[in-house]
Amino acid sequence: AWKAFAIVSSCIFPSSKLLFPLLNQLLFEIKSNEDVNTMRHANYIFARLQKTHEKVRKQIPTDREISYIEKLSSIPINVYLFSGEELIIPVESYTTIKELKNACLRKMSFNMHKSIHYGISEISIKNNKLIESFIE
């Protein structure tokens, strides 16, 4: 049940009538439950609900994303640089492209004040055609 709750909390924000009783129950589990696994799930879901409230989800989660949510871990994203370097950036369901770009810049120790000078593009293959699109 906790795994399903973690997945749902990553996608859907509860109604205002359900939110506070839900948060109270999660806090109760965090503070009083002696089972470490239950406490980890409750903490994870509590944080997810906060982020899901802040950022409305536009797409359903992928199978890969669900598998990482079930493990209560971040999703490693491979970012390939024009220099040939590869960065592995941990992201969450609610991570935006701007946050991904800033995480890349921090990992490379770039000046964050100049982040507007950098961008992220996606290169993919669709119908045997190489497609490049500028994202951020």
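**View 1. The left-handed crossing of helices α2 and α3 in a predicted model.** In this predicted model, α2 and α3 cross in a left-handed manner, a crossing being left-handed if the near helix is turned anticlockwise from the far one by less than a right angle, and right-handed if clockwise. Helix α2 (residues 16-32) packs against α3 at an angle of about 145 degrees, with the two axes 8 Å apart; axes are lines fitted to C-alpha atoms, for helices over the stretch in contact, and angles run from 0 to 180 degrees between N-to-C directions. From α2 the contact (heavy atoms within 4.5 Å) draws on Leu22, Leu23, Leu26, Leu27, Glu29 and Ile30, and from α3 on Thr38, Met39, Ala42, Asn43, Ile45, Phe46 and Leu49. Helices (H or I, at least four residues) and strands (E, at least two) are DSSP runs, numbered from the N terminus.

**View 2. The crossing of α1 and α4.** Helix α1 passes α4 in a right-handed crossing, and the two pack at an angle of about 125 degrees with their axes 9 Å apart. The pair is therefore oblique, given that angles under 35 degrees count as roughly parallel, over 145 as roughly antiparallel, 65 to 115 as roughly perpendicular and the rest as oblique. Lys3, Ala6 and Ile7 of α1 meet Ile66, Ile69 and Glu70 of α4 in this contact.

**View 3. The buried residues of α4.** In α4 (residues 63-70), Glu65, Tyr68 and Ile69 are buried, where buried means under 20% relative accessible area, exposed over 50%, and partly exposed in between (1.4 Å probe, protein chains only). Down the helix axis these buried residues fall within an arc of 105 degrees, so they line one face of α4; the arc is that of the directions from the helix axis to the C-beta atoms. Among the elements that cover them are α1 (2-9), α3 (36-54) and β1 (75-80). Just after α4, Leu72 adopts a positive phi of about 60 degrees.

**View 4. Ser109 in its loop.** Ser109 lies in the loop between α5 (97-107) and β3 (121-126), and Ser109 is exposed, with a relative accessible area of 64%. The C-alpha atoms of Ser109 and Ser73 are separated by 24 Å, the two residues being 36 residues apart along the chain.

**Notes to all views.** Residues are numbered from 1 along each chain as its sequence is written, and side-chain values use heavy atoms, with hydrogens and water left out. As the model is predicted, local features need pLDDT of at least 70 and side-chain atom pairs count only at pLDDT 80 or more, whereas totals for chains, interfaces and linings use all residues.
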